[in-house]
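The sequence and the model come first.

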Amino acid sequence: HEEKRAAVSYCTDCDFFICQECVDLHRSKKMLKRHQIQSINETLEGGSTKEDIFQCSEHNEKKKLYCHDCQQMICAICHSVGGHKTHSVSFINDKLGELNRSTLTQCVLSARGQTKALSNALQEVEASEASLQQQSADAVEETLAMKEQLIVMVTRRCDSLV
């Protein structure tokens, strides 16, 4: 991608963290459909991967850093002497906290929007209920008035026949 996107899942076949667009691509392309996709939390909580995702295969060191430029986990050696030397990195725990805060913020904003929409829908339902109650009361009143008119008409007709 030209723009950086937050990783939301991990593909065990690609051995790479992927964004939502890439998850959708994996689900839609025939040759990628069989790839095993895991949520980030599932992966980090010990989900099964082809190899230990926290172990650097190049330096046999534990991956403790997240490279923002490459959007992948790296070890300290990769950062200090490897191809990530000039890249922007942060500790994995910091990155996960950032992702969790970002996800939580998105959820809260979404919930606020849904709360407003639900509140508007509730107001419409209440207005419709009030309108229906008024229409019902009007119909009952009109029916009673017609009943009274019919009684008067029938009484007059009976009186005229006698």
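What percentage of the residues in the protein chain is buried? Of the 162 residues in this predicted model, buried residues make up 21%. The chain exposes about 12200 Å², and carbon and sulfur atoms supply 53% of that area.

The secondary structure consists of four helices and six strands. Along the sequence, their order is β-β-α-β-α-β-β-α-β-α. Among contacts in the chain with a separation of 6 or more, 33% are accounted for by residues 24 or more positions apart.

Nonpolar side chains tend to be buried together in soluble globular proteins. Here the largest nonpolar core has seven residues: Ala7, Tyr10, Phe17, Ile40, Tyr66, Met73 and Ile92. Another core lies apart from that one and has six residues, including Cys56, Cys67, Ile74 and Cys78.

Helix H1 spans residues 20–28, and Cys22, Val23 and His26 are buried in it. Viewed down the axis of H1, the buried residues fall within an arc of 105°, so they line one face of the helix. An α-helix has 3.6 residues a turn, so residues three or four places apart point the same way.

Which strands do the buried residues of H1 pack against? The table lists them.

| Strand | Residues |
|---|---|
| strand S1 | residues 9–11 |
| strand S2 | residues 16–18 |
| strand S3 | residues 37–39 |

Tyr10, within the range of S1, and Phe17, within that of S2, both belong to the largest nonpolar core.

Notes:
Residues are numbered from 1 along each chain as its sequence is written. This is a predicted model: local features need pLDDT of at least 70, side-chain atom pairs count only at pLDDT 80 or more; totals for chains, interfaces and linings use all residues. Side-chain values use heavy atoms; hydrogens and water are left out. Helices (H or I, at least four residues) and strands (E, at least two) are DSSP runs, numbered from the N terminus. Buried means under 20% relative accessible area, exposed over 50%, partly exposed in between (1.4 Å probe, protein chains only). Contact means heavy atoms within 4.5 Å. Accessible areas come from the Shrake-Rupley method with a 1.4 Å probe; for residues, only the protein chains shown count as cover. A nonpolar core is a set of buried Ala, Val, Leu, Ile, Met, Phe, Trp, Tyr and Cys residues joined through side-chain atoms within 4.5 Å. The arc is that of the directions from the helix axis to the C-beta atoms.
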